[in-house]
Amino acid sequence: MVVVLRGGVPQEKIEPLISWLKGKGLGVREFHGQEQCVLGLIGNTAGVDIEMLRSLDIVESVGAVSDPFKAANRKIHPEDTVVSTQGTGGGSLGGGHFALIAGPCSVENEAQITLVAQKVKEAGATFLRGGAFKPRTSPYDFQGLGEEGLRLLLEAKKATGLPIVTELMELRSLPLFEEIDVIQVGARNTQNYDMLKELGRVPNTILLKRGLAGTLKELLMSAEYIMASGNENVILCERGIRTYESDYSRNTLDLSAVPILKRLTHLPVVVDPSHGTGKAYMVEPMSLAAVAAGADGIMIEVHNNPAEALCDGPQSLTPEQFADTARKVFKVREALA
Ligand code: PEP
Ligand code: MN
């Protein structure tokens with residue numbers, strides 16, 4: 001339920017209403033817009049007399065939110081959420097702050113991550129990505145450097161100032177992620193609800209990928225799990241879904257997800273055209289299309305030598321290709337401004 005208060009109501013008149021609503025066992029999210037305050041009520045509102053609420057002099061209107069996602073709902077929080085990462089680098093995302101997240105699929109060694117971090121930074125990247133714990137389809141493939149990979153990422157952050165985005169595969173490793181700016185929940189873990197609840201209790205920003213065959217409502221409900229446990233710093237990521245097309249692309253990148261999600265939720269939306277297509281030649285056109293569709297950021301895999309990459313070489317751009325794509329991405333942003 002959403003309670004829209006009249007413009008200019010002083011906080012001392014709002015507080016008693018909030019306490020009363022909390023006394024009914026409801027979660028209350030207070031959103032102060034430029035002109036009005038909106039209270040989003042989360043939980044079972046059956047015990048609240050809507051007509052009584054409507055009759056209060058500080059209340060302008062009361063409306064129901066029938067969608068199952070509440071905290072993530074734009075009806076409850078009308079303005080875009082801007083997530084800002086902890087630490088250095090000024091990595092803000094959403095509400096007009098555009099993020100260019102780039103780096104290798106996986107951290108392979110110090111020389112590789114140091115070089116790629118430097119190159120993507122020069123090209124305008126605002127976050128460095130890189131997997132230390134890798135979800136691989138085959139147990140015989142490179143599984144990532146693990147804790148050592150996290151250490152190398154933090155070294156690269158020290159050298160470049162770029163905040164880090166890296167994937168958490170299982171809760172057991174969470175204590176190692178304390179200094180990581182953005183914890184990625186991969187497509188294989190989008191519905192790992194125990195993990196999502198736990199990530200609701202950490203200060204880090206969470207980048208939540210869409211499930212391999214996940215609907216947008218399922219993605220929003222996964223975000224709701226994190227938010228319901230107390231962490232509002234959630235970024236949604238479209239990374240392509242399974243469809244009947246498998247000959248020419250790894251996944252089908254669903255760019256319609258961008259305007260749909262932007263309408264339904266206030267959370268920032270990022271597009272990953274690397275996993276979304278699986279092929280390097282499609283990364284640039286899909287990046288430009290994602291920006292034109294209104295994405296708050298894009299995430300691109302970049303490798304110094306894609307042919308020799310231990311993971312996802314075919315979809316990785318070289319640093320030079322990335323620099324070219326980044327330049328065009330910024331031009332599209334300018335054209336839209
Ligand atoms: C990744 O970003 O490295 C990754 C494994 O992505 P996804 O979970 O989307 O497959
Ligand atoms: Mn990858």
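1. In this predicted model, Cys105 (SG), His275 (NE2), Glu301 (OE) and Asp312 (OD) coordinate the manganese ion (ligand 2) at 2.0 to 2.4 Å. Donors are N, O and S atoms within 2.8 Å of the metal (3.2 Å for Na, K and Ca); water is not among the atoms, so sites may look incomplete. The donor residues follow the spacing C-x169-H-x25-E-x10-D in sequence.

2. His275 belongs to helix H8 (residues 273–277) and Glu301 to strand S14 (residues 297–301), so the pair ties together parts 26 residues apart in sequence. Helices (H or I, at least four residues) and strands (E, at least two) are DSSP runs, numbered from the N terminus. His275 and Glu301 are both buried, meaning under 20% relative accessible area (1.4 Å probe, protein chains only).

3. Helix H6 (residues 216–228) and helix H7 (residues 257–264) have axes that come within 11 Å and cross at roughly 45 degrees. Axes are lines fitted to C-alpha atoms over the stretch in contact, with angles from 0 to 180 degrees between N-to-C directions. Leu216, Leu219 and Leu220 of H6 meet Ala257, Ile260, Leu261 and Leu264 of H7, contact being heavy atoms within 4.5 Å.

4. Ala326 lies in helix H10 (residues 319–336) and is buried, with a relative accessible area of 1%. Leaving aside residues up to four places away in sequence, Ala326 touches Leu100 and Ala123. Ala326 and Ser287 are 39 residues apart in sequence and 9.0 Å apart in space, C-alpha to C-alpha.

5. Residues are numbered from 1 along each chain as its sequence is written, and ligands from 1 in the order in which they are written. Local features need pLDDT of at least 70, and side-chain atom pairs count only at pLDDT 80 or more, while side-chain values use heavy atoms, without hydrogens and water.

Key. Buried < 20%, exposed > 50% of the residue type's maximum accessible area, 1.4 Å probe, protein only.
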